[in-house]
Amino acid sequence: MIRMKPVDVVVVGFGWTGSIMAKELTEEGLNVVALERGQYQDTSPDFSYPNIADELAYGIRGKLFQPLARETLTVRHGLADTAVPYRQYGAFLLGNNVGGAGAHWNGQHFRPSPEDLNLNSHIRQRYGDKFMPEDMTIQDYGMSYDELEPFLGQFEDVCGTSGQAGNLNGQKVAGGNPFEGMRSRAYPNPPVADTYAAKLFANAARAAGYHPFPQPSSNASQPYTNPYGARLGPCNLCGFCERFGCFMYSKASPQTTIMPALMQRPNFTLRTNSYVTRVNLDSTGKRATGVTYIDAQGREVEQPADIVIMSAFQMHNVRLMLMSKIGKPYDPVTGTGVIGKNFAYQMMSSMSVFFDKDVAINPFIGAGSGGSQIVDDFNSDHFDHGPLGFVGGGYIIGGQTGGRPIQQLAVPPGTPAWGADWKRAARDSYLHTTSVVTHGSVMSYRDRYIDLDPTYKDAHGLPLLRLTFDWHDNEYKMSRFLTDRALEIVKQMNPRQHSLLIRQQGDHFDVRQYQTTHTTGGVITGTDPSSSALNKYLQNWDVHNLFVPGASAFPQNIGYNPTGLIGGLTYYAAKAIRETYLKNPGPMVQA
Amino acid sequence: MTRTSSSSRLGRGLLWLVVIVIVLGLLAWLATQVIRGTRPVTAAAQAPSAELIKQGEYVAQLGDCAACHTAKGGKPFAGGLPIAAPIGTIYSSNITPDADHGIGNYSYADFERAVRQGVKRNGDTLYPAMPYPSYAGVSDQDMQALYAYFMHGVAPVAQATPANAIRWPLSLRWPLTYWRWLYAPRVASEAVAVQMHDPVLARGAYLVDSLGHCGACHTPRAPTLQERAISDRQGSLFLSGGAADNWLAPSLRGEMQNGLGSVSENELASFLKSGRSQNLAAFGGMSDVVTHSTRYMTDADVEAVARYLKSLSAHSEQAALSYDSATRNALHSGNVAQVGARLYVDNCATCHRTDGRGYGQTFPALAGNPVVNGAAPDSLIRLVLRGSTMPAGRDAPTQFSMPAFDSRLSDQDIAEVLSFVRAGWGNQGAAVTAAQVQALRAALPAGQAGPMTDYDPRNH
């Protein structure tokens with residue numbers, strides 16, 4: 001075992017949350033070492049044009065994702081099933097390498113609705129204690145929207161998010177999201193110009209009585225310098241965002257927004273190919289002494305540190321907590337324990353919308369988030385759930401994120417899957433097809449959780465994670481309701497034809513089908529150590545010098561893309577560490 | 001036979017010639033050995049003030065010592081950076097205060113003689129890769145601060161300087177002494193020579209001509225490698241454009257097309273501080289200059305440099321370029337009949353835009369850019385082949401990279417697209433040939449994976 005020189009802070013995983021924490025804590029003068037299991041990668045040369053626009057290498061084979069042949073997780077639907085490994089990318093895309101999922105996201109940069117942060121008490125208060133299904137285990141975050149608001153804004157400023165405010169300091173602003181929570185500052189950049197398809201969608205949505213607005217996007221609409229001095233290029237709507245790195249420097253990522261300022265700091269060190277296997281504890285079990293990792297040469301290395309930031313991908317945070325034996329593992333039979341609890345996901349439905357040849361959609365003009373329009377009337381608790389009988393909701397999006405030939409080429413229903421007829425349909429449809437998608441929340445339930453698999457091991461011989469997940473009735477109802485609203489809009493768009501993919505009663509969770517990728521929970525925040533792993537500062541209840549930022553902290557999933565909330569929570573926790581914890585190390589919330 | 005006798009006569013003559021050359025050579029060598037013996041004597045050193053050390057650090061930045069004396073990924077000033085010179089590879093020396101490998105044993109007088117006169121402590125003449133002809137003009141005050149910094153502000157590093165890779169007879173040191181006698185100016189005559197009414201201009205001239213040694217790259221050199229003018233007083237060849245390391249250093253004088261005639265003082269100041277400006281971006285050797293030197297300059301010094309450069313007359317008279325929107329209109333309307341235009345739209349327009357104006361402080365303009373309008377296209381060809389990364393500026397940490405196109409575009413493609421760029425939007429650069437691209441492609445050393453930031457761990 002090699003023992004490294006002790007440092008003030010060790011950061012485990014160098015994606016969004018790891019790089020934010022490293023930047024904020026180096027500014028405090030602390031010596032920070034970040035350990036990343038994957039490779040170093042940066043805009044140049046790794047994401048250079050034209051090599052990065054290779055759909056087979058990046059989109060299908062997942063060159064930027066965690067290599068599943070070395071480490072994956074197993075999946076089952078219920079407690080009585082045997083889990084089997086997830087061997088090919090489909091339902092979710094696991095972040096890996098420097099920048100993590102922050103390098104290959106789409107840039108869809110939403111804030112949560114205020115009620116998303118205290119959903120459990122909000123629903124009970126508005127609809128009564130009996131409204132929720134008995135096995136639904138949703139919880140409050142422990143902090144209010146107002147507490148979090150400045151930090152959601154801080155992250156938008158770092159990302160150069162492009163969008164239109166809908167509620168500025170309590171004043172409604174035309175053109176923005178009328179349902180959003182109060183924002184104390186406008187978006188740092190104006191919205192990305194709408195694609196033609198987004199305009200068609202927005203006009204139809206307005207005609208249907210809804211309130212469309214430009215999707216908040218961390219694809220910069222213009223060159224922008226963020227508060228760290230890092231500069232973004234303008235998005236050119238090339239259509240290669242999600243699954244790809246951005247060659248234009250316009251998608252916010254750790255590479256484009258934080259690393260230029262962080263990497264030059266003398267009190268920061270990044271070690272790649274460093275695979276952390278556990279957090280080490282002192283004899284009391286109440287204090288972390290650092291972490292142990294396997295380096296590129298396969299050697300075991302100990303990195304002592306005063307503070308441990310566990311900032312790996314959501315799934316991996318859960319795994320590290322379980323492998324480090326910190327906190328009580330969740331038991332779905334008794335409903336006790338906290339680690340692995342409340343795994344959640346999201347539920348989408350999608351419609352391909354086919355127009356005649358006189359409508360030029362030109363789908364190759366698209367961006368991961370810029371240029372699309374959103375209808376948020378049926379997200380969170382923006383509408384009366386009382387007569388509908390479900391909790392949650394989602395947004396409806398119109399426009400396309402690109403026109404890639406393998407994954408983004410739709411043909412009308414009834415077209416053969418191959419052959420001359422398929423080719424003809426593909427050729428006839430390509431330039432005249434767009435999509436309308438619903439993006440819905442998934443609540444947490446007593447029997448939906450993560451633990452360590454009893455059978456399967458990774459390349460290092462360590463146990464894989466096991467995911468136990470399937471849909472519940474609440475989500476089928478949510479998706480049906482949301483999809484019907486989307487179909488109203490599609491009808492208004494007056495296309496020649498449309499297709500529909502929706503999950504309905506009887507459909508099981510299928511890892512082969514792509515949907516949103518947003519996995520959450522497992523190391524959740526809350527108000528009480530018996531039902532959560534972290535306090536609202538993302539500080540572990542048991543080990544006070546361990547902080548666990550990321551989507552793993554969400555007690556249930558929201559109807560929005562998670563990155564805006566992840567960044568906001570991380571800045572909120574970073575400030576608490578800087579201003580409170582460092583002065584007086586110990587639990588910042590008394591249990 | 002006549003043939004034999006004439007050839008033997010010739011043989012005897014040659015023998016004599018050889019003997020004479022050898023004797024002259026020995027005498028020439030002897031002369032340099034006699035001179036080298038006289039090491040200057042100095043007073044005992046006293047510990048300098050922290051303020052003087054700090055001042056010396058700034059002087060070292062203005063003099064851009066680190067650009068050559070700090071190797072990529074190496075310890076500060078420990079040397080070892082390979083410098084490709086016409087005679088072979090020279091490695092920069094360790095100038096940390098390490099007694100065995102650095103300059104720890106140098107007295108102030110030794111140090112001063114090395115920097116301003118090009119003579120090592122052992123009496124050898126330094127290769128003029130060390131710009132002592134420019135440093136001859138450095139003030140005594142700055143020299144003392146610099147000495148204080150190198151002796152007390154730099155950590156000693158015990159690292160030997162690699163042996164230079166220069167072939168005999170060019171590897172002989174002593175002929176350099178004559179080069180120095182011929183071409184390096186006398187310290188006393190030059191140091192006080194900057195006499196200008198405007199103190200800002202005077203400061204600018206001092207920084208550009210002496211400490212900053214801008215002429216080392218930007219002034220053309222004679223076949224014997226000395227700069228053809230060491231200051232503006234020696235004529236308008238000074239800073240009229242030079243070459244280094246397969247890059248062309250553009251003219252810093254007032255030419256309207258390919259000098260600084262069309263670049264405002266403000267834009268020049270932004271370029272020096274940030275490595276980029278509204279229309280320009282630093283590349284090649286200038287990246288190192290920004291990284292190690294100009295980004296540290298005070299605003300007053302940046303202003304002085306910009307104003308002085310803008311005061312230099314044009315070496316050749318050129319009509320000002322005027323933007324021609326025909327190129328933009330053609331590209332806008334989808335007219336890419338010209339091969340170069342099509343290649344431009346496919347490869348370049350995303351960043352540099354169809355209007356050729358790029359994005360300010362982000363992706364440089366090609367329309368009206370002096371480098372694009374340069375007499376020779378070498379830098380442009382190299383940029384397209386290998387790409388380039390902007391240096392981190394003072395308040396601009398983002399290092400934008402242009403990708404390498406060497407594996408994507410053929411020699412003919414690059415010639416076509418560069419010819420298009422050099423003639424587009426009112427630019428007046430001459431066409432580029434495939435042969436020019438081919439020659440540069442062959443001349444460039446084997447490349448790395450692609451352009452990388454300074455902080456990329458794979459770059460070290």
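**Confidence**

The complex receives an ipTM of 0.95 and a pTM of 0.94 from the predictor. Chain B has a mean pLDDT of 90, and 93% of its residues reach 70 or more. One stretch of chain B, residues 189-193, has pLDDT below 50; beyond near neighbours in sequence, it makes five contacts in the model. Where pLDDT is low, the predicted coordinates should not be read in detail.

**The nonpolar cores**

Next, have a look at the inside. The largest nonpolar core is made up of 135 residues. Among those with the most contacts inside this core are A:Phe14, A:Phe268, A:Ile309 and A:Val436. Helix H11 of chain A, residues 563-581, supplies the largest share of the core, with ten residues.

A:Met315 also belongs to the group with the most contacts inside the core. Setting aside residues up to four places away in sequence, A:Met315 touches A:Leu73, A:Phe92, A:Leu94, A:Phe343, A:Ile450, A:Leu465, A:Leu467 and A:Thr519. Two of these partners, A:Phe92 and A:Leu467, are themselves listed with the most contacts in the core.

**A helix pair in chain B**

Helix H17 (residues 378-386) packs against helix H19 (residues 434-443) at an angle of about 65 degrees, and their axes are 10 Å apart. The crossing of H17(B) and H19(B) is right-handed. From H17(B), the residues taking part are B:Asp378, B:Ile381, B:Arg382 and B:Leu385, while H19(B) brings B:Gln436, B:Val437, B:Leu440 and B:Arg441. Sorted by type, the residues of this contact are four nonpolar, one polar and three charged.

Back in chain A, you can find A:Met4 in the loop between strand S1 (2-3) and strand S2 (7-12). A:Met4 counts as partly exposed because its relative accessibility is 27%. In sequence A:Met4 and A:Ala305 are 301 residues apart, yet in space they are 9.7 Å apart, C-alpha to C-alpha. Leaving out neighbours within four places in sequence, the contacts of A:Met4 are A:Arg271, A:Tyr293, A:Val301, A:Glu302, A:Gln303 and A:Pro304.

Most residues other than glycine have a negative phi, and most peptide bonds are trans. The table gathers some exceptions.

| Site | Feature | Value |
|---|---|---|
| A:Tyr49 and A:Pro50 | cis peptide bond | omega about 0 degrees |
| B:Trp168 and B:Pro169 | cis peptide bond | omega about 5 degrees |
| B:Asp64 | positive phi | near 55 degrees |
| B:Asn246 | positive phi | about 65 degrees |

Where do these sites lie? A:Pro50 is in the loop between helix H2 (43-46) and helix H3 (55-60) of chain A. B:Pro169 belongs to the loop between strand S3 (165-166) and helix H7 (175-183) of chain B. B:Asp64 sits in the loop between helix H2 (50-62) and helix H3 (65-69) of chain B, and B:Asn246 in the loop between strand S4 (242-244) and strand S5 (247-249) of chain B.

Is B:Asp64 buried or exposed? B:Asp64 is buried, because its relative accessible area is 8%. B:Asn246 has a relative accessible area of 34%, so this residue is partly exposed.

Technical notes:
Residues numbered from 1 in each chain as written. Chains lettered and ligands numbered in written order. Predicted model: local features only at pLDDT ≥ 70, side-chain atom pairs only at ≥ 80, totals over all residues. Heavy atoms only, no water. Axes fitted to C-alpha atoms, helices over the stretch in contact; angles between N-to-C directions. Helix = DSSP H or I, 4+ residues; strand = E, 2+ residues; numbered from the N terminus. Left-handed = near helix turned anticlockwise from the far one by under 90°. Contact = heavy atoms within 4.5 Å. Nonpolar A, V, L, I, M, F, W, Y, C, P; charged D, E, K, R; others polar. Core = buried A, V, L, I, M, F, W, Y, C linked by side-chain atoms within 4.5 Å. Buried < 20%, exposed > 50% of the residue type's maximum accessible area, 1.4 Å probe, protein only. pLDDT = per-residue confidence, 0-100.
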